Amino acid sequence: PTTTPTATLMPSSFACNINFGGTNDGYATQYLGLYEHQGFDANGVVYFKHATMEYYMYLHDDGSTWYVGTVLADQTAASAWWKGVSVTNSPAEVRTWAVWDDSAGGW
């Protein structure tokens with residue numbers, strides 16, 4: 001299913017944080033919320049961590065897709081529940097996010 005939550009910039013004293021939320025179809029809503037800028041991973045790719053949970057928002061190493069999921073280290077969709085096609089290095093620029101639907105086995 002395709003949903004339409006939004007990721008908007010939230011100013012902080014160090015860098016911008018991301019508020020990931022808005023209209024959606026009710027799947028994987030536990031991943032919505034405030035994501036705080038953490039810096040860059042070992043490959044120099046920007047990433048964010050959920051403010052209260054162990055979830056990550058990260059740009060795939062090839063720069064093609066933003067993911068939201070439980071594991072930062074693998075940089076793939078394997079552990080992701082949300083994805084959005086990258087427009088820039090900011091998840092706030094993603095126009096449409098898709099959510100993984102376990103019962104359908106697809107985005």
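Mentor: A polar contact is a pair of N or O atoms within 3.5 Å, where one must be able to donate a hydrogen and the other to accept it. Keep in mind that this model is predicted.

Trainee: What makes the meeting of the side chains of histidine 60 and aspartate 62 a polar contact?

Mentor: The distance is 3.0 Å. The limit is 3.5 Å, so the pair counts. Histidine 60 sits in the loop between strand S6 (56–59) and strand S7 (65–69).

Trainee: Why is the pairing of glutamate 54 and lysine 49 called a salt bridge?

Mentor: Their side chains are 3.3 Å apart, N to O. The cut-off is 4 Å, so the pair qualifies. A search of the whole structure finds one salt bridge.

Trainee: Is glutamate 54 buried or exposed, and how do you know?

Mentor: Its relative accessibility is 51%. Exposed means over 50%, so glutamate 54 is exposed.

Trainee: Why does asparagine 17 get its burial label?

Mentor: Asparagine 17 has a relative accessible area of 11%. Buried means under 20%, so asparagine 17 is buried. Asparagine 17 is in strand S3 (residues 17–21). A polar atom of its side chain lies 2.9 Å from the backbone nitrogen of histidine 37.

Trainee: How do you know that aspartate 101 has no salt bridge?

Mentor: The nearest side chain of opposite charge is lysine 83, 14 Å away. The cut-off is 4 Å, so there is no salt bridge. Aspartate 101 is buried, in the segment after strand S9 (97–99). Its side chain does make a polar contact with the side chain of serine 103, at 2.7 Å.

Technical notes:
Residues numbered from 1 in each chain as written. Predicted model: local features only at pLDDT ≥ 70, side-chain atom pairs only at ≥ 80, totals over all residues. Heavy atoms only, no water. Helix = DSSP H or I, 4+ residues; strand = E, 2+ residues; numbered from the N terminus. Buried < 20%, exposed > 50% of the residue type's maximum accessible area, 1.4 Å probe, protein only. Lys, Arg positive; Asp, Glu negative; His and termini not counted.
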